[in-house]
Amino acid sequence: MQARVYYEDVDIGGVVYYANYLRYFERARSEWLRSLGVNQERLAAVEGIGFVVARAEIDFKIGARLDDLLTITVLPVELKRAYFWLEQEARLADGKVCAAARIKAACVRHRDMRPQPIPDFLTARIAA
């Protein structure tokens with residue numbers, strides 16, 4: 001996924017505010033799930049489940065600046081019954097990494113936020 005850095009994304013120094021990388025990563029994960037055929041609204045309404053970030057480990061390398069075009073990647077690296085780990089990066093056009101993250105996303109039942117098995121159709125797509 002690509003994301004343009006807008007004025008609202010930067011701090012007074014003109015560099016992307018660190019917390020905004022989490023927003024970029026979240027959008028990329030949503031697009032990744034969509035590319036796997038997951039409609040998150042339907043998953044919540046019909047199945048009563050969804051995904052939450054259970055852990056985020058982020059390394060900040062270099063600051064992206066106003067008007068930079070970032071490429072945000074999503075790579076599944078580990079799949080368990082009720083959660084998966086992803087590696088994500090935000091890269092500049094020249095390939096330099098601005099931020100690299102390792103994200104644990106857990107499947108939960110919305111009514112009580114208890115862990116739930118990831119649906120079979122999705123585990124097959126993540127594993128592929």
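Predicted model: local features only at pLDDT ≥ 70, side-chain atom pairs only at ≥ 80, totals over all residues.
Residues are numbered from 1 along each chain as its sequence is written, and side-chain values use heavy atoms, with hydrogens and water left out.

**Core**

- Setting aside residues up to four places away in sequence, Y21 touches V16, F60, I62, G63, A64, L70, A90, C98 and A99; contact here means heavy atoms within 4.5 Å.

**A buried arginine**

- R29 sits in helix α1, and it is buried at 9% relative accessible area. The cut-offs are under 20% for buried, over 50% for exposed and partly exposed in between, with a 1.4 Å probe and protein chains only.
- Beyond its neighbours within four places in sequence, R29 is in contact with V53, V74, L86, Q88 and I103.

**Cysteines**

- C98 is buried at a relative accessible area of 1%, and C107 is buried at 0%.
- The disulfide count is zero, going by a rule that asks for a pair of cysteine sulfur atoms within 2.5 Å.

**Aromatics**

- There are six aromatic pairs in the structure. Rings of Phe, Tyr and Trp (its six-membered ring) pair if their centres lie within 6.5 Å; planes under 30 degrees apart count as stacked, over 60 as edge-to-face and the rest as tilted.
- Y17 and Y18 make a tilted pair, because their ring centres are 4.8 Å apart and their planes are at 50°.
- Y18 also pairs with F60, this time edge-to-face, with centres 6.1 Å apart and planes at 85°. Y18 lies in the loop between β1 (2–4) and α1 and F60 in strand β2, so this pair ties together parts that are 42 residues apart in sequence.
- Y17 is partly exposed at 41% relative accessibility, Y18 is partly exposed at 49%, and F60 is partly exposed at 43%.
- One aromatic cluster takes in Y17, Y18, Y21, Y24 and F60.

**Charges over rings**

- R102 lies over the face of W85, 4.2 Å from the ring centre. The rule wants NZ of Lys or CZ of Arg within 6 Å of the ring centre and within 35 degrees of the ring normal.
- K104 does likewise over the face of Y83, at 4.3 Å from the ring centre.

**Helix ends and positive phi**

- N39 caps the N-terminal end of helix α2 (residues 40–47), with a side-chain oxygen 3.0 Å from the backbone nitrogen of E41.
- After α2 comes G48, with a positive phi near 75°.
- D67, in the loop between β2 and β3, isn't a glycine but has a positive phi near 75°; D67 is exposed, at 51% relative accessible area.
- M113, in the loop between β5 and β6 (114–115), is another non-glycine with positive phi, near 60°; M113 is partly exposed at 46% relative accessibility.

Key. Polar contact = N/O pair within 3.5 Å; in protein donor to acceptor, adjacent residues only side chain to side chain. Helix = DSSP H or I, 4+ residues; strand = E, 2+ residues; numbered from the N terminus.
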